[in-house]
Every structure is written in structure tokens, then in C-alpha cells.
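Subject: Structure for your files

Hello,

Here is the structure I promised to pass on. My notes on it follow below.

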Amino acid sequence: MATVREGKRAVAPAGESRVHALAGRSVLVTGGGGLIGSRITARLRTAGARAVVLDRLDAYEPGTLPLLGVDPAEPDLVAGDITDRALVRTLLAESDAVVHAAAYADVAACTRNPGVAFESNVRGTQVLLEEVVRSPVRRLVFASSASVYGDRPQRDGAERRFTESQPLAPLSVYGNSKAWAESQIRLMLADKGVEHTILRYFSVYGDPQVPKKDSHSWVVAWFAMHAAVGHELQLHNGGRQVRDFVHVDDVADATVRALCRPEAADETLNIGTGVTTSIRTVAELVREYVADVTLAVAPRPEGDPLGAGADARHMARVLGWRPAIGLEEGIRRYVEWLARTPSAVPAWLSGSTSLTGVG
Ligand SMILES: NC(=O)c1ccc[n+]([C@@H]2O[C@H](COP(=O)([O-])OP(=O)(O)OC[C@H]3O[C@@H](n4cnc5c(N)ncnc54)[C@H](O)[C@@H]3O)[C@@H](O)[C@H]2O)c1
């Protein structure tokens with residue numbers, strides 16, 4: 001299919017993902033045992049690639065792994081740490097490309113345990129990069145985050161949006177570790193024959209997401225599970241904060257496209273819908289499916305960003321793609337999945353009395 005030219009950039013028309021280029025290729029997916037990584041792994045295998053997962057497998061209770069489709073006995077799943085240089089070197093020796101999604105991925109946990117965040121998100125990334133440049137790998141896609149922006153969106157007309165070119169001002173240990181990793185990837189892979197794509201995912205949700213204990217993130221799962229067990233939903237700051245919710249299936253599609261498309265080489269892209277939704281609206285959408293759920297107002301925690309949407313224009317141009325699943329549809333799918341899968345609710349949550357969610 002012919003490409004169309006927009007400004008200086010050649011982009012493929014919508015619909016052309018070039019995933020056929022992955023058939024027979026070998027892709028290492030770090031963090032492939034987590035929510036997003038497992039979905040990316042499934043997409044890669046459907047496209048005919050060999051996807052090898054490297055994951056510590058300790059982010060969730062063992063009972064959550066089958067929900068994610070993760071089988072620790074599977075031969076192409078390696079239970080190990082990205083800081084294990086010898087292991088990383090061995091796996092990269094057989095890889096054509098890398099999706100780097102392994103991270104200590106919870107904002108609140110990173111704040112509580114900055115040393116743990118440093119080990120995975122900074123030192124682990126450093127080990128991976130040092131080994132990538134001496135391996136056959138020619139493309140690396142990095143799972144970064146909108147948290148690199150902090151809380152200073154640019155104004156685009158009346159809208160508050162985060163734009164790829166604006167200065168970064170992370171508010172959290174987590175966001176700072178992602179901002180560091182982005183810079184390090186650009187610096188270390190420049191002129192080394194390894195193309196990179198940095199993807200700044202916004203608020204990822206969708207089944208089979210399971211909240212983490214003492215986390216403030218993942219509000220769709222958080223509210224849906226609390227509502228399902230009959231708890232009230234507390235809205236920090238009255239739920240006025242906004243987020244750009246992007247479904248995990250769309251995030252996996254975007255990531256696979258970023259891996260295949262020549263236009264994505266050495267680019268940094270927001271991955272979001274461009275639509276902002278308040279936390280209160282999420283609670284109200286969840287409440288439509290669950291009888292007798294009450295909403296309560298709680299104070300705004302320190303450091304909780306007001307939020308903004310993604311400027312998704314660069315993403316759309318470079319990937320020739322936009323997310324397909326709207327939030328109402330995604331919440332409906334999540335609630336239906338939860339009704340079919342009540343065992344997904346972790347024991348700590350069903351017995352919990354602390355019921356807040358922020359993003
Ligand atoms: N979920 C979101 O809303 C969101 C938003 C922006 C960015 N991200 C990023 O996307 C990626 C995937 O996030 P997720 O939501 O699937 O989280 P997740 O916790 O489900 O997955 C992360 C995986 O990384 C693994 N991991 C952590 N440290 C490791 C290490 N040192 N060695 C090997 N494996 C390790 C964990 O075991 C886990 O399976 C992460 O990099 C995260 O920071 C997520």
C-alpha cells in the first residue's frame with residue numbers, strides 16, 4: 001500500500017500496521033509477565049514472531065498470572081531479572097528486537113521504595129542497554145509513561161494537553177525513573193545501529209487488570225472491584241482530576257506498530273486517546289453496572305496530579321493509527337469480565353476498608 005506524505009514525514013495510511021514484517025522474527029519482551037507485556041506478547045505471537053518473555057513474575061499474587069495468560073512452565077517464558085547481565089546477554093543473542101516493559105510499575109510503591117524502583121527502572125534499564133548495543137538487536141521499544149510530564153500541560157486552545165516536545169517535570173520517583181530511562185536510551189543507542197521508539201503510555205486500563213495493594217493507580221479496576229464487593233468509592237478531591245484512559249488492547253496494538261513501522265524509528269510518542277475523563281465520571285460509569293454503590297469525597301493526596309490528555313497527533317501520524325476502544329466500551333468489557341471472573345478480586349481488596357482511586 002502506498003504511503004501518504006504529511007509535511008516532511010511519510011506515514012502509512014490508517015490500517016497498515018506492517019506486522020507481517022514480524023513473522024519469523026525473535027522479540028524479547030521484558031516485563032512480558034505483566035498486564036501490558038503479556039498482551040504485547042500475545043499480539044507478537046499472533047503475528048508469527050517468536051516472543052520470549054523475561055520477567056521476575058513477582059508483581060502479582062500467583063493466582064493472578066493465569067488471568068494474564070502467563071504460564072510459568074511455558075518454554076519461552078524466562079523467570080529472571082533484567083539486572084542479571086549474563087541472562088540478559090544470552091537472551092539478546094537470539095533476539096532481533098526488544099520491547100522493554102519491565103518496571104517497578106506502581107507510582108505509590110516507587111515513592112515508598114525508591115531503591116527498589118532504582119534497581120528495576122534505572123539499573124535494569126542500564127544493564128539492558130549495555131547488552132543491547134553488543135547484541136544483534138536492531139530495534140528497541142520502551143514502555144515509558146505520561147508521568148514524565150508531571151502536572152504542567154500545555155494549553156492547546158481551551159484544552160490542557162501533554163505534548164511530546166514540552167519540557168519534562170516528573171512529580172514522582174516513578175516518573176523520574178522513566179524520564180531518566182528515556183534520555184539514557186536516546187544517548188546510548190544513538191549511532192549504534194539500534195533504532196528506538198519511546199512510547200509514553202497514558203492511563204492504561206482494561207481486563208484482566210488487577211490492582212496492586214496500597215496503590216493509587218488503575219482506577220477503573222480499583223473502582224470496579226470495590227463496587228463489586230459492595231464498598232463505597234472514595235473520590236479524592238471530589239474526583240475532579242482528569243486522565244486519558246487508553247485500553248490495554250490498544251496499547252498492545254500501538255506497541256507492535258511501533259516495533260514494525262520504519263516511521264517510528266527514533267521517535268517519542270504519546271499513546272493516548274486525546275480524550276480526558278474525570279475520576280468522578282469513571283466512578284459514575286462503573287456505578288451504572290453495580291447496584292447500591294455510593295460515592296464519597298476524600299481529600300486530594302499530596303502529589304496527585306490534576307492531569308491532562310495526550311496530544312495524540314504525532315502518534316496518529318507516525319503510527320497511522322488511533323485507539324479503537326472508547327472508555328464506556330472498555331469499562332463495560334471490564335465489568336463483564338469481572339462478573340465472569342470474581343476470583344480476580346484479590347483477598348486484600350475484598351476485606352479492605354480503604355477505598356480510594358486517583359488514576
Ligand atoms: N499500567 C499503566 O497505566 C502504565 C502507564 C504508563 C506506563 N506503563 C509502563 O508499562 C510497562 C508495563 O506496565 P504494566 O501496567 O503491565 O505493569 P505490570 O506490573 O503488570 O508489569 C510489569 C512487569 O515487569 C516485571 N518486572 C519488574 N521489575 C523487573 C525486573 N527487575 N526484572 C524482570 N521483570 C521485572 C514485573 O514482574 C511485571 O510483570 C511498565 O514499564 C510501566 O511502567 C504502564
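**Around the ligand**

A polar side-chain atom of Ser120 sits 2.9 Å from a nitrogen atom of the ligand. Polar contacts here are pairs of N or O atoms within 3.5 Å; within protein, one atom must be able to donate a hydrogen and the other to accept it, and residues adjacent in sequence count only if both atoms are side-chain atoms. This is a predicted model, in which local features need pLDDT of at least 70 and side-chain atom pairs count only at pLDDT 80 or more, while totals for chains, interfaces and linings use all residues. Residues are numbered from 1 along each chain as its sequence is written, and side-chain values use heavy atoms, with hydrogens and water left out.

An N or O atom in the side chain of Lys178 is 2.8 Å from an oxygen atom of the ligand, and a polar backbone atom of Gly34 is 3.2 Å from an oxygen atom of the ligand. The ligand taken alone exposes 820 Å², and the protein buries 97% of that. Accessible areas come from the Shrake-Rupley method with a 1.4 Å probe; for residues, only the protein chains shown count as cover.

The ligand has 29 residues around it, and Asp55, Tyr60, Tyr174, Lys178 and Lys212 come nearest. By class, the shell has 16 nonpolar, 7 polar and 6 charged residues. Nonpolar here covers Ala, Val, Leu, Ile, Met, Phe, Trp, Tyr, Cys and Pro; Asp, Glu, Lys and Arg are charged, and the others, Gly among them, are polar. Helix H1 (35-46), strand S7 (139-145) and helix H5 (173-189) each give two or more residues to the shell, and the largest share, 3 residues, comes from S7. Helices (H or I, at least four residues) and strands (E, at least two) are DSSP runs, numbered from the N terminus.

**Cores**

The largest nonpolar core has 51 residues, and Leu22, Val27, Leu44, Tyr201, Ile271 and Leu319 have the most contacts inside it. Helix H7 (residues 248-260) gives the largest share of this core, 8 residues. Apart from it lies another core of 30 residues, among them Met225, Ile325, Trp337 and Val345. A core is a set of buried Ala, Val, Leu, Ile, Met, Phe, Trp, Tyr and Cys residues joined through side-chain atoms within 4.5 Å. Buried means under 20% relative accessible area, exposed over 50%, and partly exposed in between (1.4 Å probe, protein chains only). In soluble globular proteins, nonpolar side chains tend to be buried together.

Not counting residues up to four places away in sequence, the residues that Val27 touches include Leu22, Leu44, Val52, Val99 and Leu259. Contact means heavy atoms within 4.5 Å.

**Two buried residues**

Thr30 is found in strand S3 (residues 26-30) and counts as buried because its relative accessibility is 0%. Its side chain reaches the backbone nitrogen of Ala102 at 3.1 Å. Beyond its neighbours within four places in sequence, Thr30 is in contact with Leu54, Ile82, Val99, His100, Ala101, Ala102 and Leu128.

Tyr149 lies in the loop between S7 and strand S8 (154-156). Tyr149 has a relative accessible area of 0%, so it is buried. The side chain of Tyr149 makes a polar contact with the side chain of Asn270 at 2.6 Å. Leaving out residues up to four places away in sequence, Tyr149 also touches others, including Phe162, Glu164, Pro170, Arg200 and Phe202.

The peptide bond from Asp207 to Pro208 is cis, with omega near 5°. Pro208 lies in the loop between strand S11 (203-205) and helix H6 (219-228). Asp214 lies in the loop between S11 and H6, and its phi is positive, near 60°. Asp214 is partly exposed, with a relative accessible area of 47%.

Asp191, in the loop between H5 and strand S10 (195-201), has a positive phi near 60°. With a relative accessible area of 83%, Asp191 is exposed.

H6 is mostly covered, with 9 of its 10 residues buried; among them are Trp222, Phe223 and Met225. H6 is followed by Gly230, whose phi is positive, near 85°.

Regards

Terms used:
A residue is near a molecule or strand if one of its heavy atoms lies within 4 Å of it.
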